[in-house]
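Hi everyone, thanks for coming.

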Amino acid sequence: MSIFVPENPDLYLGFRSGHPILRSLFGTLMNTHAVLEFACRPLDSRICLLLASNSTVSTMIKQFLAKIPRKSSKSNTSDPDGGSSSSSITNDVSNNNGFLNTYNAISSRLNTVKKMSSSIFPASIMPAGEMIDPRVPFKDVQNSDKLRLLISKLNLCSKLYDFSDQNQDSIEKDIKRQTLSEIIDFLSSESPKLTEPAMFSICKMCGNNLFRDFPPKNSIFSQRGETEDEEPCFDPAWSHLQLVYEILARFLTQTSLDPKIAKQYIDHSFILRLLDLFDTEDPRERDCLKAILHRVYGKFMVHRPFIRMVVSNIIYRFVFETEKHNGIAELLEIFGSVISGFALPLKKEHKMFLLRALVPLHKPKSVGVYHHQLTYCVVQFVEKEPKLSSDVIKGLLKFWPVTSSQKQLMFLSELEELLEMIHTDEFEKIMVPLFRRINCCLRSSHFQVAERAHFLWNNEHILHLIMCNRQVIMPLVFSSLEQNSQKHWSRTVVNLAQNMMKMLDDVDHELVVSCQGRMEEDKSTLTVAAERRRLTWERLESVSIMEETATTCVVSC
């Protein structure tokens, strides 16, 4: 390796005998000389090329100029380029004024050197390249420039437009839509290995377009708590939003995407804003969000506890505060697949999510909108750990509807699914309060509720549980079955009740006779109580009449 020695002896002495930082700088310049050709070039040009090829040298020059002790001077010293200096160097480097002035001039021309160096050194080693016109197609640039073009297009698409007026900025909107389509095609066909600046630009563009505040809700739930028949509200900006969601989905499904790097940009703040979007009234957007969140949950294991916590908070706020949220069904649909992947034995956190979040979701009036997804989630938990069935059924009984027949039908259907998986020991814990509630459903004047309650006896597993505990259960429901078999207004309910009475009589005739005797005793007791109440009211009426008569006589006298 050849050694660089400046032609100017004064400059050489400045390097060798000056400040310690100066001597270190001289060593770096000597080691860098092997890369460049210095023949037939002026001294300033050689130093400029060294600065362009080695960013460490320029950094050291700046550090050197910043750290040299200075003191105020009354006179200004002019530099060779016509500039002026208001400070002087301390005594230890006072002999190097010419050298410092030369490097001040070099530092002032550093931007020009960087532009010149871009034609000498490859673009891959440059800290930042020139931005490419975003209107240029991907096919018209080299592969090495496609990621820079992608960033330019993403920056173009970060600008927002007002879609309340479709005629406003129509040309710009169309350009943005075309650019979004080009990005989708590029991510689909090229499958590029994205750099960190590209990841940042994608997340920034998606955040600027998607994360927004929704107008206040003014929808009023119907008396039955269902909004399925309401006309959906569509976002006027969906033509752009759909493409942005597609870009985000393509980004998350990139095989080369490293979650350890991408988690810096798909962070907690991003996920929190993403979950807030589930409250949109546009069902198309909620479907896209459902797919996006599912991919985020599967891709970033580090974010899974945070996602579960945020979803729990959304449910708590919905159940106990607002009872208004548009995306509960979609969130439950995602968690249906998440719950199926829980390992056994279930963690305490997962059990608390079931009992504190999912079970209270039976309370709101709008349960009909998401009851199918809710039932699936609850059943998934009970299938994994059947011991939870008794706790879930207790929660159902706690929130059991009294006046809504539609909700009673939903609860009865869910109850049947849970009873199909319950074990005998767990069933015995809840059979008394459970069949007291079923007895009320058997006596319901709504024929569908009464029919659905009778259908429980058609399930073989439930019938087996009932027969094993018939000494406790039958006295609770016998009077309702007997009454329905004789005088219910629905002929279907009468037939069902008669079939059940016949089956019970064939299985345990003595129990049926005992229940009939107890029912007769209860009837006589009720009759006596009713007669006692009648006599009491008659006495009260006679006493009231006598007092009224006495008061009238006193007034007349």
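Let's start with Phe318: its relative accessibility is 2% in this predicted model, and since buried means under 20%, Phe318 counts as buried. Tyr370 is buried too, also with a relative accessible area of 2%.

So how do we describe two rings like these? For a pair of aromatic rings, you give the distance of the centres and the angle of the planes. By the rule used here, there are 11 aromatic pairs. Phe318 and Tyr370 form one that is edge-to-face, with 5.9 Å centre to centre and 75° between the planes. Phe318 sits in helix 14 and Tyr370 in helix 17, so this pair ties together parts that are 52 residues apart in sequence.

Now look at Leu361. Leaving aside residues up to four places away in sequence, Leu361 touches both Phe318 and Tyr370, and its other contacts include Ile315, Val319 and Leu374.

Okay, zooming out. Which residues touch the most other members of the largest nonpolar core? That core has 129 residues, and Leu361 is among the top ones, along with Phe251, Leu358, Phe427, Leu434, Phe435 and Trp457. Helix 10 gives the largest share of this core, 10 residues. Three of those names come back together: ring pairs link Phe427, Phe435 and Trp457 into a cluster.

Last stop: charges over rings. Lys153 lies over the face of Phe138, 5.3 Å from the ring centre. Lys173 does likewise with Phe163, at 4.6 Å from the ring centre.

That's it from me, thanks!

Conventions. Residues are numbered from 1 along each chain as its sequence is written. This is a predicted model: local features need pLDDT of at least 70, side-chain atom pairs count only at pLDDT 80 or more; totals for chains, interfaces and linings use all residues. Side-chain values use heavy atoms; hydrogens and water are left out. A nonpolar core is a set of buried Ala, Val, Leu, Ile, Met, Phe, Trp, Tyr and Cys residues joined through side-chain atoms within 4.5 Å. Buried means under 20% relative accessible area, exposed over 50%, partly exposed in between (1.4 Å probe, protein chains only). Helices (H or I, at least four residues) and strands (E, at least two) are DSSP runs, numbered from the N terminus. Contact means heavy atoms within 4.5 Å. Rings of Phe, Tyr and Trp (its six-membered ring) pair if their centres lie within 6.5 Å; planes under 30 degrees apart count as stacked, over 60 as edge-to-face and the rest as tilted. A charge sits over a ring if NZ of Lys or CZ of Arg is within 6 Å of the ring centre and within 35 degrees of the ring normal.
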